[in-house]
Amino acid sequence: MLLGELGPDKYTGLWTGKTDWKSAEVTAALDTFNKVLAASDIKSSAADWQPAADRVIDGAAVYTVMGDWLDGYLGRAKKLTFKTDYDVAASPGSSGVYDFLSDSFTLPIGAKHRAAAEKWLTECGSVQGQDLFNPQKGSIPARTDADKAKYQNYLATALKDWQDPATKIVGSLTHGVVANNAFGSEIDTALGIFVQKRDPAAFGAAIAKAYADTK
Amino acid sequence: MMRRIRAWGPGLVLILPSLIALAVFVYGFLGWNIRVSLSSWRGLAPAHDFVGLRNYIALFSDQRFTEFDVPNIAIFTLVFVAGSLAIGFVMALLLDRGVTGENAFRSVYLFPMAISFIATAIIWRWLMDNGSGESETGINKLLAGAGLGALHSDWFKSGSRWAIAAIALPAGWSLSGYVMSLFLAGMRGVPEELREAARVDGASEPRVFWHVVRPMLLPVMMSAVVILTHISLKTFDLFYAMDQKNIKIDTPALYMWFTTFDGGFYARGAAIATLLLLGVATVIVPYIWYSVRVERRR
Amino acid sequence: MMVTQPAPLPAAGIRLDKLGKRFRGGVDAVADLDLAVAPGEFIVLVGPSGCGKSTVLRMIAGLEEVTSGRVFLGDVDVTNELPQRRDVAMVFQSYALYPRMTVHKNMAFGLRMRGTPRVERDRRVLAVARTLGLEPLLGRRPAALSGGQRQRVAMGRAIVREPRVFLMDEPLSNLDAKLRVTVRAQLTLLHQRLGVTTVYVTHDQVEAMTLGQRVAVLRDGRLQQFDTPRALFRDPVNLFVAAFIGSPAMNFVTAAVAGGRVRFAGHSVPLAPDGPLVAADRPVLLGVRPTAFGPPGIAGWPQLTVTPAAPRSPPARSTTRCSCPKSAPGSPSGCRPTWRSRSASR
């Protein structure tokens with residue numbers, strides 16, 4: 001919601017201190033979020049994405065704002081066909097922006113089988129490894145030299161957006177790209193309270209304070 | 001001197017391992033936790049500074065702690081303890097009347113306690129699902145099927161202040177059988193001759209219960225209240241598995257865990273842990289004091 | 001010190017009519033029991049453990065369902081009445097004091113349950129507490145009392161009620177021997193003063209013989225004999241009663257009646273010519289009470305060598321010279337002792 005209302009630059013500024021959480025435009029964006037919440041069945045910030053998607057499948061809900069992995073759920077688990085059974089659209093205001101997250105492995109210092117671990121990491125990062133893993137999971141490769149033919153339907157559109165030089169890339173909050181653990185957990189708290197109290201100004205102030213405290 | 005050592009030396013050696021374990025793993029860590037709560041430790045690297053009661057003061061103006069966690073745990077404890085006591089007591093009363101297959105009943109009611117809170121939560125999360133229409137399941141569907149659709153509830157997802165009271169349902173389901181067996185043991189501990197004496201004295205059955213049996217159940221009830229209350233204050237897994245980040249069922253124990261291990265606010269988590277300990281202590285210390293006094297009087 | 005004398009209580013007789021109790025599993029604990037207790041009488045039910053005496057008492061109290069027969073208190077058939085509706089008070093072997101009530105509340109409980117006003121309750125409790133010396137203990141709980149004090153509270157609780165019948169189930173068995181003798185004497189005095197019909201259960205025949213105006217001996221749920229202690233001692237109706245009553249117990253020897261004499265162990269003792277034993281010559285069982293033995297040397301008495309059945313040590317076996325009374329006509333199964341009942345004065 002903040003990304004759509006503020007645009008990619010100001011959105012990124014939220015995480016770097018350049019955009020003021022207490023500013024009028026942020027408050028306005030949160031007000032819009034309030035209206036959206038009012039039209040949703042979300043009663044808690046802990047609501048899970050699968051039941052939400054199920055309601056879309058049932059026809060009880062019109063849409064759900066979600067990431068690539070939903071394609072894996074709809075296409076594989078629910079055997080639905082892209083374009084005929086379901087379709088995707090950029091959430092309002094976010095056309096031409098790619099909100100990304102990446103999955104990664106850590107290689108601890110002093111790992112016992114370092115050579116084997118390195119082999120595994122090399123495999124994961126290789127074209128072959130990427131092309132084996134991603135289509136199964138419902139994600140796209142970070143590499144530009146992957147085999148595009150392996151990414152069909154929704155993944156083809158996602159890969160096209162990702163590789164389009166005009167696309168602006170921003171980081172996902174939920175997955176820890178833009179906020180450290182401390183800031184992230186404070187935002188969780190503030191969001192939980194916001195969903196109950198629906199007070200944009202208090203929400204903005206709480207996060208501004210958390211940002212200052214956890215910088 | 002040698003004689004004295006010989007007198008209680010072997011006993012000391014016997015309890016020494018557990019004494020050491022207690023000293024280190026209970027009191028040592030307790031002290032360490034309090035020490036951490038007085039520091040500004042945040043993030044993975046420990047900080048050994050001393051900031052006084054700053055973390056505690058901050059908690060008292062922390063909206064999540066004061067407006068959600070504390071009222072939530074108070075409501076939960078109230079409903080859970082009162083409910084389990086009432087249900088356990090009534091079940092014990094019924095079983096005490098001498099039901100055929102009493103042992104089977106007793107086991108059936110005790111079984112839920114053998115199930116971990118995580119598993120209990122997963123069952124009840126489904127039972128208390130708040131879906132409606134096509135996606136209605138669990139208790140709501142059962143109610144609708146029985147023509148009681150008007151009782152449809154959002155349970156712990158409801159917007160009410162009392163949403164957390166719904167969690168007392170699985171918690172009570174899990175522990176009221178235990179309370180029942182406590183009360184049943186208490187009732188069985190009342191000598192039959194006392195009831196007979198009261199009957200001969202002219203007391204009707206309800207009055208026999210009220211004047212003779214009930215007062216003798218007071219110690220059992222005290223133990224039950226203390227056991228249930230401290231379980232209630234400490235419960236973590238049940239809420240966690242039920243609806244992790246739903247602030248409506250957030251409690252100090254959950255906040256402590258999330259803020260410490262998700263956010264790295266070690267000092268704040270330690271402060272919450274210390275307050276929790278104080279909460280449990282206000283229940284348990286008077287109880288221990290009371291039992292020691294009773295024991296001494298004997 | 002003023003001692004208030006409680007007014008005599010309304011006594012009622014008890015009548016048991018063909019009373020029977022069969023427990024689950026078909027065991028007859030009590031069978032065909034006929035017993036009539038006069039108003040104001042003190043009777044004792046005695047017998048070895050398991051003889052059904054407590055069951056009889058509990059059936060009178062209404063604590064045990066009656067399988068067959070009827071129970072009358074006064075003229076009223078109470079067989080199917082709840083214990084609450086029978087005006088009886090019971091003293092239990094364990095005293096059954098209510099542990100969470102003070103002595104005062106314990107004693108007042110029965111009155112409270114029957115709706116006696118508080119003022120009246122307090123007056124009666126105080127009066128009884130005074131006579132039993134319980135006054136300083138009224139504020140205590142049972143746990144803070146000695147065994148003897150508890151026993152007195154249990155008695156007091158029964159007395160305060162002023163019931164028509166007292167039922168006592170081995171009330172002295174938890175006291176030490178010395179205290180038991182004292183309380184026994186007090187019980188007799190108390191009964192003389194209050195005059196309440198009392199049924200007292202014990203397995204101790206000494207207690208039975210010293211307390212009861214009449215004693216009922218039970219065995220395997222059947223009444224053997226119901227009579228005064230003196231009659232039980234002197235004229236037991238059968239071997240069981242003869243062996244059960246008396247301490248030390250009666251000695252039995254096989255003997256033969258022939259020609260107006262009874263012969264045993266190489267001795268011959270003449271029988272009274274008008275006694276029932278003389279009628280026919282036959283083998284008999286001769287019972288001799290230890291109290292009937294006398295020191296040796298009395299002219300005309302046969303001299304016997306006897307061995308104590310429970311020899312003291314040392315020596316493990318001792319031989320004493322004793323003598324047997326001159327003659328023993330009387331009961332069919334034993335010789336008559338020259339003993340005077342201690343309760344003969346009753």
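Modeller: A salt bridge here is a side-chain nitrogen of Lys or Arg within 4 Å of a carboxyl oxygen of Asp or Glu. Across the interface of chain C and chain B, the rule finds two salt bridges. This is a predicted model, in which local features need pLDDT of at least 70 and side-chain atom pairs count only at pLDDT 80 or more, while totals for chains, interfaces and linings use all residues. Residues are numbered from 1 along each chain as its sequence is written, chains are lettered from A and ligands numbered from 1 in the order in which they are written, and side-chain values use heavy atoms, with hydrogens and water left out.

Colleague: How many residue pairs are in polar contact between chain C and chain B?

Modeller: A polar contact is a pair of N or O atoms within 3.5 Å; within protein, one must be able to donate a hydrogen and the other to accept it, and residues adjacent in sequence count only if both atoms are side-chain atoms. Between chain C and chain B there are eleven such residue pairs, both residues being at pLDDT 80 or more. On the side of chain C that touches chain B, helix H1 (53–61), strand E6 (88–91) and helix H2 (103–113) of chain C each supply at least two residues. H2(C) gives the most to that side, with four residues. Helices (H or I, at least four residues) and strands (E, at least two) are DSSP runs, numbered from the N terminus.

Colleague: What area is buried between chain C and chain B?

Modeller: Buried area is the accessible area (1.4 Å probe) that two parts lose on being put together, summed over both. For chain C and chain B the value is about 1800 Å², and carbon and sulfur atoms give 59% of it. In terms of contact (heavy atoms within 4.5 Å), 23 residues of chain C meet 19 residues of chain B.

Colleague: Which two chains have the most contacts, and which do not touch?

Modeller: Two pairs of chains touch, and the most contacts are between chains B and C. Chain A and chain C do not touch, their nearest C-alpha atoms being 51 Å apart. Chain A meets chain B through 19 residues from chain A and 22 residues from chain B. Chain A and chain B bury about 1600 Å² between them, with 48% of it on carbon and sulfur atoms. Lys43(A), Ile193(A) and Gln196(A) supply 28% of the area that chain A buries against chain B, more than any other three residues.

Colleague: How many salt bridges are there between chain A and chain B?

Modeller: The count is three. In one salt bridge, the side chains of Glu186(A) and Arg268(B) meet at 2.7 Å, N to O. H8(A) gives the largest share of the side of chain A that touches chain B, ten residues.

Colleague: Let us turn to the rings. Why is the pair of Phe105(A) and Trp120(A) classed as it is?

Modeller: Rings of Phe, Tyr and Trp (its six-membered ring) pair if their centres lie within 6.5 Å; planes under 30 degrees apart count as stacked, over 60 as edge-to-face and the rest as tilted. The structure holds 30 aromatic pairs over all chains. The ring centres of Phe105(A) and Trp120(A) are 5.8 Å apart and their planes stand at 75°, so this pair is edge-to-face. The pair links distant parts of the chain, 15 residues apart: Phe105(A) is in the loop between strand E1 (97–100) and helix H5 (114–125) of chain A, and Trp120(A) is in helix H5 of chain A. By contrast, Phe236(B) and Tyr240(B) have ring centres 5.2 Å apart and planes at 25°, so they are stacked.

Colleague: Is Phe105(A) buried or exposed?

Modeller: Buried means under 20% relative accessible area, exposed over 50%, and partly exposed in between (1.4 Å probe, protein chains only). Phe105(A) counts as exposed because its relative accessibility is 54%. Trp120(A), at 48%, counts as partly exposed.
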